[in-house]
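Colleague: I have a model open and want to learn how to read it. Where do I begin?

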2 protein chains.
Amino acid sequence: MKVTVLLSGGIDSTTCLALAVEEFGADNVIALNMHYGQKHEKECLCARKIADYYKVKYYEHDISSVFKYSNCSLLATSEKEIKHESYAKQLEELGGEGTVETYVPFRNGVMLSIASAIALSLEAGQVYYGAHADDRAGRAYPDCTVEFFASMNQAVQEGTSGMCCLKAPLLYMNKAEVVKTGLGLKAPYKYTWSCYEGSEKPCGTCGTCIDRANAFKANGIEDPAL
Amino acid sequence: MKVTVLLSGGIDSTTCLALAVEEFGADNVIALNMHYGQKHEKECLCARKIADYYKVKYYEHDISSVFKYSNCSLLATSEKEIKHESYAKQLEELGGEGTVETYVPFRNGVMLSIASAIALSLEAGQVYYGAHADDRAGRAYPDCTVEFFASMNQAVQEGTSGMCCLKAPLLYMNKAEVVKTGLGLKAPYKYTWSCYEGSEKPCGTCGTCIDRANAFKANGIEDPAL
């Protein structure tokens, strides 16, 4: 059985890759990085290093043209600035629930569909992706919810006559548990990048930098990428 | 309310467009053509003419790179020849059920995901697509089944927090009923193209040419594109 892993170059997808390699062996794992038009190339450079570390096949796919009409703050084409505050604070400003400004329109649906199509062509029967419980708090990212995953997985299975399915092994873990799982598998977190900005060093103050710092802190260790 | 219609340039999507224009008015309809790497450009040229006829906004999007690893016979990159026989005959050869060689891996999932992302960016809340009952006979095209549509629609609604949904108004019609519906709306079928080959005139012998001819025959009229 061959599997495809969506690999952004962050903590979550790297943990997914570690799990897939553990279960299926590096020879049967294909890492797939998608460039969606983000403001920097850091994640992609990290994804390459991580795929290289694991000696898995590695593909890149550019989907930035899908989002050329969007004004999401993560995109290079948007003049909006990325907010430098925690997701908790952003959700509070939204009245407790709502999509955050860094939600790229249906990005995970697009990525999972394309990954399934590519997986089928490469004779891989599963697609791994790294959504976890913190992503869906307050429906900040609606394409990370359990309901989205369940229906998307059903759509992929139906639409491929069962030749492909989705796996989200981190779906019921929070970010601290994701890091704990990855540390247990010796995932090469030193090569990962989470920050939404593309400066030389992580900004430390965007939503994902704050989440990352808290996850390492909860595990009582220093972030190996800092 | 604005809506996006997936417009290939064939009979089914043209009927969808006719229905959407009837319901929402041309000013509120966006036609979206996707080039998936097929062997010819005929469909795209037809889609442009049809969008122009209806005076709706028109976008084109190239997804051919998604299928560059596939060997499906419809693709320009495949050396496989397109079969010149009816779907009924092809299904018989598959033992009554199975995906046909012209199934492009999870193409409709990819198209619907991307169309949903683009619709969201353009502030359109619905995506129309033209799957009908004949497409799913014997699961020839698994991404045209009722089950696929239902789960994909659920995934889009969940993954966009209800900001977008899918509509498949032809889902319970056979091809003859689709043509009947379009004729009632004076859909410009003379501009449509169905043939999988890209010759000057339709081949008349591929699965989709045979289906099309039967649908016009069932309505007792000549094909206006011939």
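Modeller: Begin with how copies are compared. Copies are superposed by least squares on the C-alpha atoms of residues with pLDDT of at least 70 in both. Keep in mind that this model is predicted.

Colleague: Which rotation superposes chain B on chain A?

Modeller: The general idea is that two copies of a chain are related by a rotation about an axis and a shift along it. Here the rotation is 180°, with 0.0 Å of shift along its axis, and the RMSD is 0.0 Å. The two copies are therefore related as by a two-fold rotation axis. Both copies use the same surface: 100% of the contact residues of chain B recur in chain A.

Colleague: Which residue of chain B comes closest to the rotation axis?

Modeller: Ser151(B) does, with its C-alpha at 2.6 Å.

Colleague: Now a single chain. How many helices and strands does chain A have?

Modeller: Chain A has 7 helices and 5 strands. Read from the N terminus, their order is β-α-β-α-β-α-α-β-α-β-α-α.

Colleague: How do I read the radius of gyration of chain A?

Modeller: Compare it with the globule rule. A compact globule of 226 residues would have a radius near 17 Å; chain A has 16 Å, which agrees. Along the principal axes, the C-alpha atoms of chain A fill a box of roughly 45 × 40 × 30 Å.

Colleague: And the inside? What share of the residues in chain A is buried?

Modeller: Buried residues make up 49% of the 226. Look at contacts too. Of those in chain A with a separation of 6 or more, 75% join residues 24 or more positions apart.

Methods
Residues are numbered from 1 along each chain as its sequence is written. Chains are lettered from A and ligands numbered from 1 in the order in which they are written. This is a predicted model: local features need pLDDT of at least 70, side-chain atom pairs count only at pLDDT 80 or more; totals for chains, interfaces and linings use all residues. Helices (H or I, at least four residues) and strands (E, at least two) are DSSP runs, numbered from the N terminus. The radius of gyration is taken over C-alpha atoms; the globule rule is 2.2 Å times the number of residues to the power 0.38. A residue is buried if 20 or more other C-beta atoms lie within 10 Å of its own, exposed if 12 or fewer, and partly exposed in between; C-beta atoms are placed from the backbone. Two residues are in contact if their C-beta atoms, placed from the backbone, lie within 7 Å.
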